Amino acid sequence: MAEPSDRREKDTPGKDNWDKLSVLSGFLAAVFVPIAIAVVGHWYTAAIKDRETAISERDQKIREDIFKREWVQLGLEILRDGDTTPNIRKWGVQIVSHYAAVEMTDEVKDAFAAGDVLPESASLPLTVQQAVAQQQMVALPSQTSRSSEMDRLQSRGIEALLNQDLDGAIVAYNDAYQLWPTFRNVDEIRRLLMEHAEAEGPLADFPAIYKSILRMDLRGVDRSLLAQLEAKAAGN
């Protein structure tokens, strides 16, 4: 009769070990799972904030580029007009010298201040890529028809964005850029779309894109498309 009792006594230590291991694992889970959740949550929140900061900085850069471009365009318009007074011409020279990417030499400044007129064909200073694209663009019969084509290409790009077709929108704005690199905000919108495509790919934040584009010059884009763009930017 003593043998079964001895067996129970021998089995008890093993069972106690499993019980202790179970308690220990439950304790470790209770301690480390909340810590892991907190760490992952902190990492995710930090990533979201970094992304929002990057988008905000990019939008700020675009706004600064637009601001400079508009001032340079004003200065060029002044220098194109041969009837402006000397004081106004000097102001136009100062504007272009301050905001343009390529600074005027003193001789050029003096010439414009003295009354030299900027040719009508002159526009904003171009980068090498813009100059090449401008040389390659197909000549259209008139300035009016070229503007109409730009409006059509921009509308095509906005329609693609509304369908969340980022690649299609980039193609449309690339075509517009090749046709007229300095037209309104075509270059800024094109670069914005390309940056989103490189950073986010198929997971592009379209509401953020809509809001950024609405801050730009969209004259000529189909009004119904603009209304849809505004509605989607507002989350409707």
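Let's start with D217: setting aside neighbours within four places in sequence, D217 is in contact (heavy atoms within 4.5 Å) with Q154, R184 and N185. D217 sits in the loop between α8 (206–214) and α9 (223–233); helices here are DSSP runs of H or I, at least four residues, numbered from the N terminus. This is a predicted model, so local features need pLDDT of at least 70 and side-chain atom pairs count only at pLDDT 80 or more, while totals for chains, interfaces and linings use all residues. Residues are numbered from 1 along each chain as its sequence is written, and side-chain values use heavy atoms, with hydrogens and water left out.

**Around D217**
- The side chains of D217 and R219 meet in a salt bridge of 2.6 Å, N to O; a salt bridge is a side-chain nitrogen of Lys or Arg within 4 Å of a carboxyl oxygen of Asp or Glu.
- R219 counts as exposed because its relative accessibility is 52%; the cut-offs are under 20% relative accessible area for buried, over 50% for exposed, and partly exposed in between (1.4 Å probe, protein chains only).
- Q154, in helix α5 (residues 143–162), counts as buried because its relative accessibility is 0%.
- Leaving aside neighbours within four places in sequence, the contacts of Q154 include Y173, F183, D217 and R219.

- E188 pairs with R69, with the closest N and O atoms 3.1 Å apart.
- That pair links distant parts of the chain, since E188 is in helix α7 and R69 is in helix α1, 119 residues apart.
- Both E188 and R69 are buried.
- D187 and R191 also form a salt bridge (3.7 Å, N to O), and they lie four residues apart in helix α7, about one turn of the helix.
- D187 is buried at 7% relative accessible area, whereas R191 is partly exposed at 28%.
- D187, R190 and R191 are linked in a network of salt bridges.

**Nonpolar cores**
- The largest nonpolar core has 33 residues, and I158, L161 and L218 are among those with the most contacts inside it; such a core is a set of buried Ala, Val, Leu, Ile, Met, Phe, Trp, Tyr and Cys residues joined through side-chain atoms within 4.5 Å.
- Helix α6 gives the largest share of this core, seven residues.
- A second, separate core of nine residues includes V93, A100, M104 and F112.

Terms used:
Helix = DSSP H or I, 4+ residues; strand = E, 2+ residues; numbered from the N terminus.
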